[in-house]
Amino acid sequence: MQRRLYWTQGQDTQIRRRRIEGASWETIAAELSLHVRVVIARARRLGIRMDPITDPPPEDPLREPLPAGHPRTWRALTAGTVLQSERYPLRHFRR
């Protein structure tokens with residue numbers, strides 16, 4: 001019979017932190033002395049991304065300016081505003 005695991009806030013925090021740092025599931029499981037499948041199941045319950053987090057490639061300082069409404073610039077302009085989920089161009093201001 002399997003024993004019930006009682007997860008602590010510290011273990012949850014460690015799973016989140018180590019995953020953000022880029023640690024593999026095997027490494028995290030070894031640090032917690034648990035099976036990999038158990039750690040992955042807990043991460044899913046916590047809503048942690050399963051794919052590794054990678055940094056985007058660095059910007060090319062010599063690239064041409066992005067056009068108006070480019071998805072990257074539009075997200076930067078509307079992040080944290082009421083327009084965050086709207087697409088460019090706004091349907092209210094069509095010509």
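Predicted model: local features only at pLDDT ≥ 70, side-chain atom pairs only at ≥ 80, totals over all residues.
Residues are numbered from 1 along each chain as its sequence is written, and side-chain values use heavy atoms, with hydrogens and water left out.

How confident is the predictor? The pLDDT, which is its confidence in each residue from 0 to 100, averages 84 over the protein chain, and 87% of the residues score at least 70. Among the elements, helix α2, residues 25-32, has the highest mean at 94, and helix α4, residues 71-78, has the lowest at 85.

Now the chain as a whole. It has 95 residues, and 18% of them count as buried; buried means under 20% relative accessible area, exposed over 50%, and partly exposed in between, with a 1.4 Å probe and protein chains only. The accessible surface comes to about 8300 Å², and 54% of that belongs to carbon and sulfur atoms. Those areas come from the Shrake-Rupley method with a 1.4 Å probe, and for residues only the protein chains shown count as cover. As for contacts, meaning heavy atoms within 4.5 Å: among those between residues at least 6 apart in sequence, 36% join residues at least 24 apart.

Let's look at how the helices pack. Two packed helices are described by the angle between their axes and the distance between the axes. Here the axes are lines fitted to C-alpha atoms, for helices over the stretch in contact, and angles run from 0 to 180 degrees between N-to-C directions.

Start with α2 and α3. Their axes come within 8 Å and cross at roughly 105°. So α2 is roughly perpendicular to α3; the scheme is under 35 degrees for roughly parallel, over 145 for roughly antiparallel, 65 to 115 for roughly perpendicular, and oblique for the rest. On the α2 side, the contact is made by Trp25, Glu26, Ile28, Ala29 and Leu32, and on the α3 side by Val36, Val39, Ile40 and Ala43. That divides into eight nonpolar, no polar and one charged. For those classes, Ala, Val, Leu, Ile, Met, Phe, Trp, Tyr, Cys and Pro are nonpolar, Asp, Glu, Lys and Arg are charged, and the others, Gly among them, are polar.

Between α2 and α3 there's a loop, and Ser33 sits in it. Ser33 isn't a glycine, yet it has a positive phi of about 60°. Buried or exposed? Ser33 is exposed, at 66% relative accessibility.

Next, α1 and α3, residues 36-46: these pack at about 90°, with their axes 11 Å apart. So α1 is roughly perpendicular to α3.

Asp12, in helix α1, is buried, at 6% relative accessible area. Beyond four places in sequence, Asp12 touches Trp7, Arg42 and Leu46. Arg42, in helix α3, is buried too, at 18%. What does Arg42 touch, leaving aside its neighbours within four places in sequence? Trp7, Asp12 and Ile15. Arg42 and Ile15 are 27 residues apart in sequence, and 8.8 Å apart in space, C-alpha to C-alpha.

How values were computed:
pLDDT = per-residue confidence, 0-100. Helix = DSSP H or I, 4+ residues; strand = E, 2+ residues; numbered from the N terminus.
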